Structures are given as C-alpha cells and as structure tokens.
Amino acid sequence: MTDASKLSRTRQTDVIVLGAGIVGVSTALALQQRGHAVCLVDRNAPGRETSYGNAGIIQREAVQPYAFPRAWQAILRVAARRGNDVHYHLRALPSLVPALARYWHASAPQRYGPIVTAYAALIRHCIDEHAPLIERSGAQDLIRKSGWLEAYRTPAAFEIAAKDAKEVATTHELRHAVLDSAALAAQEPALRQPLAGAVHWQDPWTVSDPGELVARYSALFEREGGVFVRGDAETLRQQGSGWTVRTADGDVSAEHAVIALGPWAAGLTRTLGYRLPLFVKRGYHRHYEVAAMPERPLLDTENGILLAPMRQGLRLTTGAEFAHHHAAPTPVQSERAEMLAADLVSLGKPVEAKPWMGARPCIADMRPVVGRAPRHAGLWFHFGHGHQGLTLGPATARLLAELFDREPTYVDPTPYDPRRFGN
Ligand SMILES: Cc1cc2nc3c(=O)[nH]c(=O)nc-3n(C[C@H](O)[C@H](O)[C@H](O)COP(=O)(O)OP(=O)(O)OC[C@H]3O[C@@H](n4cnc5c(N)ncnc54)[C@H](O)[C@@H]3O)c2cc1C
C-alpha cells in the first residue's frame, strides 16, 4: 500500500483498535468482516508481546479458569515458595493485595461455579472461531490438531487427575484419553524416563509459532483493506464526538476506539478514570535445541512447566509470577524449569541468551472484559484474557463485534460486561 493511499484510508476510519496482539488483531478482523473501516495501532509489529511468548495451545479443554487456591495447605505451599508453579515478589504484594483479595473471593465454590459455566460457554467456540481465520490467513502449516498432554510424575496425583478429567470431560463434552505409564512412553518416545501417566486432551489445537499466527492474521486484515500503523495508545484522547490517537502516519481519528492492550490496558484505563481489578501473572519461556522433539505439548503438571514443540526449538514455559508488570525479570522458575525438564527430555543448548518474559493480563473474577466502556461514548474495552488469550481472542472478538453492531450475541455477554465493576 502506498503512503498516500494509507493516509487516505486512516482518514476514513470508523474504529481505532489499540493493540495488535491476538485480541486486537482478532477484533480488527471481526469488525472489518462486518463492513467497518478499521485502523489497528500498535507501537510494535503485530503479535510480538504476550501473544508471541505463550505455549501456543488453543485450549478447548480449559473450561475452568485458574482459580486462586482456597485450601490452606496449597496457600502455605505457595507462600513458602515450595514448588515451581508459582513465584512472587514480596515487595509487590502490598499493592497486589486488593486485586488478589477479589481473586480469592471470586474463587469460592459458590461464586466459581457460575464463572465456570460462563467461561465454558465461551471456550466451547474457540476452535470454531480460529478455524476460518487459520484457513483465510494461510496459517495451516503452523497448526497441529493432536491435542496436548497433562502429565504426572507421581501415581497419587495422576490418579486424582484422571478421575477429575473424566468428570470434566463428561460434563463439558470433551474428548480425552487417560494414558498409563506405558501408553505415555509409547506415545512420546522422546521422554527419557517413565512418568506415572497423563491425561491426553484431544480437542485442542496447537500452534508452532503463536507470534507468527498473529502476524498472519494481521496480514490478512491488511490484505482485505485494513490499515495497520505504528503509534502510541497512551496518546488516545477524546476529540469532538470521537477519539484521536497519534501515530507514525499522523493523527488518526474515529468515532470509536477499542482498548485491546492486554497487560498494558491497566495504564490507559486508569488514565481515563476507571478502577478495574487488573493484575498480571508474569511468565517466562526459553527455547532449547533437542535431538528428539515431543510429539505434542506436555505439561509437567507438578512442576508447572510446559514443554512445547515450536519452530524455534523446544519452548519451556513457566507458571505464574506475581510481581509488578514492569519490575526487572527474575527468571528463577525458568532456571528450575531447565533443570527439571532435563530429567524428561534430552535438552541441548538454549537458543536465546536469556529467557523471554511476558505478562498474562488477569482480572480478579477470571473473566475477560468485553464491551462498551461505562462512561465514555464510543469507547470499548477488550482485554483481560489471562491464561487463555490465544484461545479466546477470536471468540471474544466476535462477541465484541456483535455488541458493536447491536446484534443478538452468540453467547451471553453479561458475565463479560465492563459495568460489572461498578465504574
Ligand atoms: C508463559 C505464557 C504461556 C501462555 N500460554 C497460553 C496458551 O497456551 N494458550 C492461551 O490461550 N494463552 C496462553 N497464554 C496467555 C496469552 O498469551 C495471553 O492471554 C494473550 O497473549 C493476551 O493477548 P493480548 O492481545 O490481550 O495481549 P498482547 O499480546 O500483549 O498484546 C497487547 C499489544 O498492545 C501493544 N501495546 C502496549 N502498550 C502500547 C502502547 N502504549 N501503544 C501501542 N501499543 C501498545 C503491545 O505492543 C502488544 O502488541 C500464555 C501466557 C504466558 C505468559
């Protein structure tokens, strides 16, 4: 596209979408498909932040969002920093307490049950919403349809997990198989030692380069007439009856703006006067050379490490780190992951000099925020996808686009409504 034609297109924009991660790019595509002229703005290239560094699973099985542990033994285990699944910065805790207290509150069984019902109603569409985008963007080469493995080292933990998996699978119509030690070893010849067993979730699709998937979706958006420009979302301001943002191609104005900034949504929404229970769970990954790649992603569940086969090498991703979003990296979980994963597969050299760090954009009630901003005309919120943003981006984008066009929605939007926080 020539600069002149790009400039004239930015002048005819109906909607500015801020943030070109999986959520923003999916939003841009969903609105474009309904005939809106969309300008997508990011300070970086599409799909280079959180949406780049995840484990690449389109988690059809993730009907239960991660709850705050309620059992005291589990809380004490985390507090004592035993285990590798959770880490925290002590100095960050005082400022995190309000959001974490709400997270704990929302995780009580009587409140968590309805959250699961709402979440499951959305998650069930994740593959159907990705599938046409994968096809239209020519990203089939990045996708495998053979599920992932939730593996256990100890028989006691495996036994409980197998029972739970059966119950969840029956309730939510999920395909799964329970693999004993021998079946797991046969299915994953790259494993160096026998494990107790695994639950094989068979519905999920996996992505061998999630950042590239987002880049292909974004290229599709541009091919179909959308405009992507570099710009700083923090410059968003209300002007007349609409919104203006400063970009490398000059000011872009439109009647509507969508904030899809993932973990950075906290800053802009606070500037606009909203108090939302947002926090981040940071996570790390690093790629390694391996002689034999696992066939599919494998979670070493008791250690909170995921071994994900990627184009760049075997990606070891870590669990949650409770810390300030912008505090310096403390990749202790990543270092332990390297040691622990070396028991499981024959790990070669790391590909990068140091681990990548990202931040899962979390909301205290475990549900993304999707819909009209309560106090600003023409402003829309679309963020807070936590552990499942790659999974849910296209599904919540469809919901947002249906709300935008005041159409009947394909899932109940109430659990995701930004007004639920009383702003
Ligand atoms: C280790 C790890 C493993 C994960 N594994 C999975 C998984 O297997 N499956 C799954 O579904 N999810 C997974 N997730 C979660 C998932 O990655 C996130 O939920 C998702 O990427 C969030 O997408 P997003 O578009 O909201 O945010 P992002 O991808 O972070 O996009 C936000 C965009 O906003 C831009 N931006 C920020 N500030 C500005 C500004 N001032 N001006 C302009 N642009 C700005 C950024 O450049 C970025 O492109 C994982 C996350 C981590 C950390």
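**View 1. The area buried between domain 1 and domain 2.** About 2,100 Å² is buried between domain 1 and domain 2, and carbon and sulfur atoms give 65% of this area. Buried area is the accessible area (1.4 Å probe) that two parts lose on being put together, summed over both. On the side of domain 1, the residues losing the most area to domain 2 are Tyr-52, Pro-277 and Met-366, together 31% of what that side buries. This is a predicted model, in which local features need pLDDT of at least 70 and side-chain atom pairs count only at pLDDT 80 or more, while totals for chains, interfaces and linings use all residues. Residues are numbered from 1 along each chain as its sequence is written, and side-chain values use heavy atoms, with hydrogens and water left out.

View 2. In contact (heavy atoms within 4.5 Å) are 26 residues of domain 1 and 25 residues of domain 2.

**View 3. The salt bridge between the domains.** One salt bridge is counted between domain 1 and domain 2. A salt bridge places a side-chain nitrogen of Lys or Arg within 4 Å of a carboxyl oxygen of Asp or Glu. The side chains of Asp-141 and Arg-216 form a salt bridge at 2.7 Å, N to O.

**View 4. Helices on the side of domain 1.** Helix H3 (50-53), helix H10 (210-223) and helix H11 (265-271) each supply at least two residues of the side of domain 1 that touches domain 2. Helices are DSSP runs (H or I, at least four residues), numbered from the N terminus.
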